[in-house]
Protein chains: 2
Amino acid sequence: MSLLDRLAMIREPDLSRYRRFVVDGHTVGWVAADLAARLRGHDGVFVVDGETVGLSPRLRDYRERTAAVAGVLQSLRADGWFRGWRNEPYPVGPSFGAGLFEIERAAVPSFGVRAYGIHVNGFVRDGADLRLWVGRRSRHKPTYPNQLDHLVAGGQPAGLSLAENLLKEGAEEASLTPDLVGRAKPVGVLSYLLENEEGLRNDVLFTYDLELPADFTPANADGEIEEFFLWPIDRLIREMSDTANFKFNVAFVNIDFLIRHGCIGPEDPSYLELVRRLRRRPGLR
Amino acid sequence: MSLLDRLAMIREPDLSRYRRFVVDGHTVGWVAADLAARLRGHDGVFVVDGETVGLSPRLRDYRERTAAVAGVLQSLRADGWFRGWRNEPYPVGPSFGAGLFEIERAAVPSFGVRAYGIHVNGFVRDGADLRLWVGRRSRHKPTYPNQLDHLVAGGQPAGLSLAENLLKEGAEEASLTPDLVGRAKPVGVLSYLLENEEGLRNDVLFTYDLELPADFTPANADGEIEEFFLWPIDRLIREMSDTANFKFNVAFVNIDFLIRHGCIGPEDPSYLELVRRLRRRPGLR
């Protein structure tokens, strides 16, 4: 599987098979037909018609909506609808920082709600060459167990700023001190809408580069990463090309890293197509 | 004018006002109605119907097409159709490196043909801060005279590789030695389709970062750059925000540079929208 094949999954799904999830006039997600049918049974909370899913107008504010939706999600959960319940509230809204209510993270792909995340490329310079820190996710993670991941990456829950989340995830996942986290540089945004086994991943990833000293060794503190590797670029490319080890979106961020650092250049015949696929979904907000 | 306003011009034109330019079954450009009408008078070379512009099937190969089209363009030029004739052949084709024939550079925007270019961000580190080399274009340039430009930038003509073009433009525009040019790192691609006073700019820009030593001073060798400035980032942002001095696409590449280097981060409320506008046209090939 080439790097280009890794990006083939960035493919806008046929949204005609989903109901638009509309709140306060904003499209905030996409709900599959079977879930929409199930939500009809909760008509004090959800309003489902032939085309859209909405929230009951009797729910007047952020708090009321959050509480009422949480009740429905617990009922669905009891029926086995979501996997990997996290107890992490995610904001739902038309754009970043403009939440209209919150839902449990495990339900986000089922509602096709846009989720934000942070991905940190932790790297070390070795002369003119680069080495990238790679972590292997715990075999006990509810999602993507055993797969290869970034030094630090995580979803962006409600109630934390990006900077606070970087500090928290950096400490938990790799024992990064605030001083080291403070060296992380924002380098852009990746965005995609795709279907996978979780449902619809409608993600906007804030990406960071963090140059680390050669003598730094990450240590996982929360049990979510089993081991870390410091790989030269050719090994990284081989692992991404030859195997399906990498978590899908970590591979996207890695390829963006390789392009931004000139590790892949226009002499590669797939260069323009790699960039094009990484940017298939410019509709991020 | 904010940085966001600088990117507002990246706006797909209404292509229904143009005829599709089709060669060998590939769309290779877009021709405005008045030019299409004029090309009807050259029906041994161009085939114009209500919807498309094509080339006569009697033109059998690259060489024949190039020669026949050149004849028509000279006739149009004599009637005042193109400004800034360059005598630089540009390839016309469905994708990079796949030219079907060549046309004079000055005619490229009139035919809406995709043009490729190189843009080099020449920068100097000053502790943790960056300074960017900026050039002012000659007042005698046929296009965008006096506007601010990159240290090195240029269109990609037929018959040169990107690496050869970098060497040529680096030497001509800034007296860069091959050793210095060799340090330029490819960092991505920017692409847009927009209407301006030249016609349709259907561009794919290969972008490079070139870190220069603090004691390097560029010297223009071809008369196309009047003077150079080494600006700190806050000055660069101020010049882009407060004035219309920058050549339009140089501003795009500068904003991409600021994002990749963390000079603008997600704490800026316009961050996601800046990235979105830079990537409005992922259809590059």
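The C-alpha centres of domain 1 and domain 2 of chain A lie 29 Å apart. Domain 1 of chain A covers 3-11 + 115-278, and domain 2 of chain A covers 15-113. These bounds come from an automatic or database domain assignment. The model is a predicted one: local features need pLDDT of at least 70, side-chain atom pairs count only at pLDDT 80 or more, and totals for chains, interfaces and linings use all residues. Residues are numbered from 1 along each chain as its sequence is written, while chains are lettered from A and ligands numbered from 1 in the order in which they are written.

The two domains of chain A touch. Domain 1 of chain A gives 12 residues to this contact, and domain 2 of chain A gives 18 residues. Two residues count as in contact if their C-beta atoms, placed from the backbone, lie within 7 Å. On the side of domain 1 of chain A that touches domain 2 of chain A, β7 (114-126) and β12 (199-211) of chain A each supply at least two residues. The most comes from β12(A), with four residues. Helices (H or I, at least four residues) and strands (E, at least two) are DSSP runs, numbered from the N terminus. By class, this side of domain 1 of chain A holds six nonpolar, four polar and two charged residues. Here Ala, Val, Leu, Ile, Met, Phe, Trp, Tyr, Cys and Pro are nonpolar, Asp, Glu, Lys and Arg are charged, and the others, Gly among them, are polar.

The next contact joins the chains.

Two copies of a chain are related by a rotation about an axis and a shift along it. The same surface serves both copies, as 100% of the contact residues of chain B recur in chain A.

Within chain A, helix α7 (residues 248-260) packs on helix α8 (residues 271-278) at an angle of about 135°, with their axes 11 Å apart. Axes are lines fitted to C-alpha atoms, for helices over the stretch in contact, and angles run from 0 to 180 degrees between N-to-C directions. α7(A) and α8(A) are therefore oblique to each other. Angles under 35 degrees count as roughly parallel, over 145 as roughly antiparallel, 65 to 115 as roughly perpendicular and the rest as oblique. Phe252(A), Ile255(A), Asp256(A) and Ile259(A) of α7(A) meet Leu274(A), Val275(A) and Leu278(A) of α8(A). Six of these contact residues are nonpolar, none is polar and one is charged.

In chain B, α7(B) and α8(B) pack at an angle of about 130°, with their axes 11 Å apart. That makes α7(B) oblique to α8(B).
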